[in-house]
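Please read them beside the sequence and the structure.

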Amino acid sequence: EQSPFKLSDSISNMISDACTPQIEVDISIQTIEDKTILVIDVAPGKFRPYYLTNKGKETTSYIRINGTSRPADARKLQELELEGQGISYDSLQDIGREFDQNKSLALCAYMKQTAINACKTEEEKVSIKDMTLEKLEDFGLLCKVGRDWYPTHAFDLLTENHNKAAKIQCALFKGISRDVFIDQKEFTGPIQGQVEAAYEFVLRHINMGANIEGLFRTDIYELPITAIREMIANAVLHRSYLDRSCIQVCIFDDRIEVLSPGMLYGGIDIITAKHGKSTCRNEAIAEAFHYMKIVEAWGTGIPRIISRCKEYGLQEPAFEELGDGFLVTMFRKPTNQTNRSNQTNQSEESNQTDAEQNQDTNVSDLEYRIIELLKTWPNATTKEITKQLEITDNQVKYYIKKLKDNGKIERVGTNRKGSWKVI
């Protein structure tokens with residue numbers, strides 16, 4: 001029998017000679033059931049991609065997708081090479097675009113104003129430092145080639161955004177599958193604006209309740225809205241901008257899904273990410289988002305989403321790598337449970353006004369707006385509601401039917417000459 005020590009050396013040499021870059025393996029000798037075995041541990045490497053030297057990286061570089069090994073395509077190879085060199089794609093020069101001082105100064109002013117608007121106290125506002133061209137370079141939004149400045153990919157994404165795949169598609173579906181659309185929007189333009197637009201889209205289509213304290217009414221959504229915003233902001237921040245897919249935000253009766261292109265980055269797995277460890281794919285965008293207070297500290301997003309859902313008594317969100325993308329799912333409470341909760345809250349409030357008593361707390365923001373409109377304009381037609389609320393005919397028809405079925409409104413008279421009554 002061959003000595004386990006010599007066999008260990010032979011395996012180490014074989015791996016070292018066959019692979020590029022050099023792979024470091026940990027080989028230990030163990031005895032199990034009177035048999036001597038070698039345990040070979042290969043840790044994730046930092047200098048990706050790894051491949052067989054004699055066959056080349058184009059044919060022998062593999063990635064793991066859903067528990068299977070698949071050849072890395074050209075796009076994935078490019079991303080792996082950048083990762084292995086410690087280079088962030090978004091901080092690379094955007095070839096073909098020239099430095100524009102006016103546009104750069106406008107971005108500086110915009111970023112500072114956005115940061116100030118996000119502050120809650122005057123002390124916070126005073127602490128916001130000026131954004132300068134030098135700071136843009138430090139963040140990776142500008143880069144220097146020789147003595148001249150040039151915009152990077154991140155600069156373009158935060159300004160004009162010529163990347164056709166850098167967009168968010170939002171959809172509201174009927175039921176729990178993707179069979180029937182109720183509403184859908186596509187948001188393009190600067191990526192920081194997309195975050196806000198997608199966030200507002202979700203708020204329009206989730207239920208909103210009310211908490212009454214004395215004379216004051218506070219709107220309370222069925223889901224933690226800070227966690228919803230975090231999900232969308234994280235998707236925009238951490239997605240792969242080399243991928244030609246876009247971010248999708250989907251609202252179902254039982255859940256909200258946010259799917260972003262690109263798997264977890266830098267060898268991080270889901271368990272590690274849940275504990276707050278993060279490797280940033282887009283460092284320049286991360287710096288800009290952090291300055292503008294769109295995100296807080298790196299690595300805190302997933303733990304904070306889990307924590308906020310727990311506070312709301314919701315099922316823990318699901319995080320999974322789906323194909324070559326990353327899917328986050330926030331689960332909604334069953335409708336009957338939401339109704340019971342709202343009824344309990346209503347019974348505890350004895351000092352509501354008549355108007356507040358007539359307002360059901362288990363309605364979405366859009367349903368609430370339709371109800372308020374019909375209170376003052378009971379004979380409004382579908383086209384008039386569409387124009388007044390700036391929504392589609394299909395949305396009006398869907399929500400009118402839903403409000404009728406739930407006993408919130410009723411039709412008095414005929415469809416042509418009748419009017420709406422809010423119950």
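Which residues does N282 touch, not counting residues up to four places away in sequence? The first point takes this up after a word on the source.

1. This is a predicted model, in which local features need pLDDT of at least 70 and side-chain atom pairs count only at pLDDT 80 or more, while totals for chains, interfaces and linings use all residues. Residues are numbered from 1 along each chain as its sequence is written, and side-chain values use heavy atoms, with hydrogens and water left out. As to the opening question, N282 touches S88, D90, L237, H238, R239 and Y241 once residues up to four places away in sequence are not counted, a contact being heavy atoms within 4.5 Å.

2. N282 sits in the loop between helix 10 (270-274) and helix 11 (283-291), where helices (H or I, at least four residues) and strands (E, at least two) are DSSP runs numbered from the N terminus. Its relative accessible area is 2%, so N282 is buried; the classes are buried under 20% relative accessible area, exposed over 50% and partly exposed in between, with a 1.4 Å probe and protein chains only. The side chain of N282 also reaches the backbone oxygen of R239 at 2.8 Å.

3. For the chain as a whole, 17 helices and 19 strands are assigned, and 41% of the 423 residues count as buried. Among contacts between residues at least 6 apart in sequence, 61% join residues at least 24 apart. The chain exposes about 23700 Å², of which carbon and sulfur atoms supply 49%; these accessible areas come from the Shrake-Rupley method with a 1.4 Å probe, and for residues only the protein chains shown count as cover.

4. Q194 lies in helix 8 (residues 191-204) and counts as buried because its relative accessibility is 2%. Leaving aside neighbours within four places in sequence, Q194 is in contact with N161, A166, K167, I168, F187, T188 and G189.

5. The side chain of Q192 reaches the backbone oxygen of L158 at 3.0 Å, and, with residues up to four places away in sequence not counted, Q192 touches Y110, L157, L158, F289, M292 and I294.

6. A115, in helix 4 (residues 101-118), counts as buried because its relative accessibility is 0%. Outside the four places on either side in sequence, A115 touches I128, Y291, M292 and K293. A115 and A288 are 173 residues apart in sequence and 10.0 Å apart in space, C-alpha to C-alpha.

7. On a 1 Å grid over the protein atoms alone, a cavity is a set of points where a 1.4 Å probe fits but cannot get out, and a pocket is an open set with protein on both sides within 12 Å along at least five of seven lines; lining residues have an atom within 4 Å of a point. Grid points are joined across faces, edges and corners, and a volume is the space filled by probe spheres set on the points. By this rule there are five cavities of 30 Å³ or more. The largest cavity holds about 450 Å³ and is lined by 32 residues, of which N234, H238, L264, I302 and F326 lie nearest its centre. Helix 9 gives the largest share of this lining, six residues.

8. The second largest cavity has a volume of about 60 Å³, and its lining includes N282, along with S88 and Y241.

9. The largest pocket contains about 1000 Å³ of space. Its lining has 35 residues, with P44, G45, R48, Y50 and Y62 nearest the centre; strand 4 (51-52), strand 5 (62-65) and helix 3 (74-84) are the elements that give two or more residues to it.

Methods. A polar contact is a pair of N or O atoms within 3.5 Å; within protein, one must be able to donate a hydrogen and the other to accept it, and residues adjacent in sequence count only if both atoms are side-chain atoms.
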